[in-house]
Amino acid sequence: MIDKILKISALLLLGLSLLTNVLSAQQHLQELPPESRYLQALDLIAKQQYGAARQLLEQLQESYNDNNAVRFADIRYYLLLCAVETNDASALHEINRFREEARGSDKMNRADFLEGRMQFAQRRYSQALAAFRKVKPASLPPFEQSELFYKSGFCLVRQNQVREAIPMLEKVLVTNNIYTAPARYQLAHIHYSLGNNEKALALFAQLRNEPAYRKIVPVYELQLQYRLGQYDQVLSLADIAMSGADSRQQAEVARILANVSFVRNDCPKALSYLSMVEKNPRRQLAREDHYQAGKCRLGLQQYKEAINNLQQASTGDEPFAGHAAYLLAQAYAENGQKVFARNAFLAAYRKNGNTETGVDALLNYARLSLETEADPFNEAAALLEKFLADNSKSPHAAEAGELLVQQYLQGRNYDAALASLERNRAANPKLHEAYAQLTFNIGAEFLRQNNPNAAEPYFTRLINLKPTTRFNTPALFWLAETKYQQKNYVDAQRLYRQMLSAKDASSTGLLAKANYGLGYSHFQLKQYEQALQAFSQFLSASGNDPAMTWDAWLRTGDCHFISRRYEKAIEAYDRVANANAGDADYALLQKGLAQGALSRHNQKISTLDQLLKRFPRSQYYDQALYEMASTSLVTNDRRAALAYFDQLIRERPRSAYAREAMLKTGLIYFNNDQPELAIQHLRRVAETYPGTPDAREALNTLRVIYMETNRIDEFFKFAQSVGMGNININEQDSLTFLTAENFYTDGRLAEAERALDNYLSKFPNGAYLLKANYYKARILLQANKIQSALPFLEYLTGVPNNPYLNEALLQLARYQYDAGNFAKAADYYGRLYDNSGQQGERLEALEGKMKSHYFEGKYSEAIKAAGLLSMADNVKPEQRMQASFISGKSYLELGQSRNALEELNKVNRSGQGAMAAEACFLIAKIQFDNNQLPDAEKTIFELAEKHKRHDYWVAKGFILLADIYVKNNNIFQAKATLQSIIDNYPGEELRQEARRKLNMLK
């Protein structure tokens, strides 16, 4: 402890001694003459004691300010030197002050040099360069000249004036000092940047042994040797360059080594080096790197990894992008992804054009288009046709032509295909056959769409086609079918016969159907004997469609029935009835009527009773009951007749037969001398069906009964209650109406309309208002004056249970639906459904009500109506499909996607029309929204294949497909899909949507 205190004391004494000496020295200096102190200050500067020198110089300023300007200028110079050397903040101020106060000093050149040095140290290279440019190099010693040249050159490099820097830096190389190596490095780097590879390589070689550059020089040498194509030298420098490079430079070195390995077909090494580049956080693989990696991985059968690389490589405009797209297509194909391969081959063709690689890509694209379900716009056919037009002498033309034929046969864009084949078929027999096939397909497609007018010219063209093909004779049959649908039965007969007499008719498989069609053509023209002959020919053939067979037996029965050959009619009807075929109820009805015509009344009643028991929901149920009652009257079994009439009235109250049954019941009671029961039923007819002939007949009978029972006042009172107060109908009223009615029945509609207007204006409460309004409405509807007919139709709907009510409701419902007044349409359709007993009207009413509720936004009501429609008897397949379609879309609106899928799948499975196409798209959209991406993709391809003609929904589906690819991070396929829509879809709306989405991916 004592030793430590002594040591501390000794140190303190030493410090005090030194301080005393310094103070003593300062006092001594101040006593010296100014010139001696000036020299002392220079000595301190030489010893780099700039602080002490600065103190002396500041004290000496006053001594020389007035009497020695030269010395004063020197003092100012050394003061700024001290400020510069001590990095004093006032250095620049001192320099400027020196320039102002010491003009003409021989040290002005050095002041500029000092400013340049100061600005350079502070990295203000522009200001440093400006200062250095004022300095005269010859005034500086050699070392400082080297410093001036080097730093001036460095500043020029920093100012991107590299060519001006070269001569400055080259001047440094003539000496050997601390600036020589940095100048050589700067020059080497300049030549490296300018591409002067040989000069750069020589300069870097001179720096190999310089400690500061020993590590970095191999990196530059490797890059320069690579530029010069000296790949052996590159590989020899690999290890030393990699060890000396920083992380960024290591990535660049690895990239070069990967390129060299790739050129030398050493794919494992190339991939190893590229992996180093990829792992570097400061460096991403360039598209060229991806190209090399992808090509290597394709060769090594690493298809998934190759696809990832080649997708990146093929997106740009580099020279290798086209080949990258071609290799990408190969990778997809090898990986079993034919749809993706197809799109990639298309991209490769677009990038490579009609080069050897491009043409090979085109042919591969066309082949895969035939194998996959991904070419909805038939783009392959269009590209092949253009290729053939531009390259007819190409060695690949023959193969392209064959592929084109296959495209047209498989594709369904028939009109464009037909036009192309029309131009080329003469030179190629295969194209002639394809032309016939396509012409036939177009006609058949139009027939499937129930458009015989559009189908007719195609089948006509086939009939006259020379040379003949296997389609000529079938075309005769289908042209006959179009004529039949056009109700041109005479031409239909002629064509059916022409087809039946053709030499190759038996090979078409259409002989039986031709006889069936011929039979119907005769039947429509009431040529029943000829019809019988044709139907007999049809029935004698084997393997006929069961539904057509039973229908032919029905028509056979009808022909015999109309010709009063009732026994043969019964025999034909029995075949259908006993087989329980689809129209067995009709067969039983007709059989009963034939038995009645033969006065076999008990057999008739028994047959019709069989109809009632077997088919309680038959549309012929009410007619059968009526016939049974009428037959009982013929046999004078009034009790049975009353029972049948009563059953008809109870079970089918809305039937037209029920009205007649009610009237005949009243007449039976009247004839049985049961006036009260007769009055009860006849009054019901008059009350329920006012304004009808049955109501007037009922009133006439009531008048007789009331007169016979001496109750005429009671009759007048009742007549007034039902709007028939004037029993003795005014003769003028009757004659005026009858005049109008006669015009109407004669077809003189203009005169009938004027006469009806006259009647309605003269007799606003006339006895024939119901018929008058009906005739007026019919005339206006036939003239397509629908709005003018509305008041008359509405009048008819205001009279309950009149015979024209259902027709009026149907016309009003259709009008309001077409006008978009869906609430009103739903009301009219609903009333029609509730009121009508006719099956066809009830089905149309349900269908209209369903659609009206949907468009009205009442989705739950639409679903209920759709359910009733789909379960109704005798509903047509297209109506059942529409019911599922509306249900599916309604469930979708209600957010019930599971129910929506169930209904939409029914539609998609059932047909190929617009509804099925939309349903298929909606299924895909639901699957997409539920993140079921593989299912959604599969559904979209089904849409493209199954519904090609509905290109709007196909295009919508492919836009959705692009979204799926984006979600799967497959940007290449997303872009290719959107580009396909932009290039091929004709509608601007979806093209704009595709462009918008494509721009988002760029």
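I looked up which element gives the largest share of the lining of the second largest pocket: H47, with five residues. A pocket here is an open set of points on a 1 Å grid over the protein atoms alone, where a 1.4 Å probe fits, with protein on both sides within 12 Å along at least five of seven lines. Lining residues have an atom within 4 Å of a point. Helices are DSSP runs (H or I, at least four residues), numbered from the N terminus.

I noted that this is a predicted model, in which local features need pLDDT of at least 70, side-chain atom pairs count only at pLDDT 80 or more, and totals for linings use all residues. Residues are numbered from 1 along each chain, and side-chain values use heavy atoms, without hydrogens and water.

Next I took the volume of the second largest pocket, about 570 Å³. A volume is the space filled by probe spheres set on the points, which are joined across faces, edges and corners. Of its 18 lining residues, Gln619, Leu843, Asp873, Asn874 and Lys876 are the closest to the centre. H47 and helix H49 (877-893) each give two or more residues. I sorted this lining by class: three nonpolar, seven polar and eight charged. Ala, Val, Leu, Ile, Met, Phe, Trp, Tyr, Cys and Pro count as nonpolar, Asp, Glu, Lys and Arg as charged, and the others as polar.

Then I turned to the largest pocket, about 890 Å³. It has 34 lining residues, with Ser836, Gly837, Gln838, Gln839 and Arg842 nearest its centre. H47 gives the most here too, with five residues. I found 13 nonpolar, 12 polar and nine charged residues in this lining.
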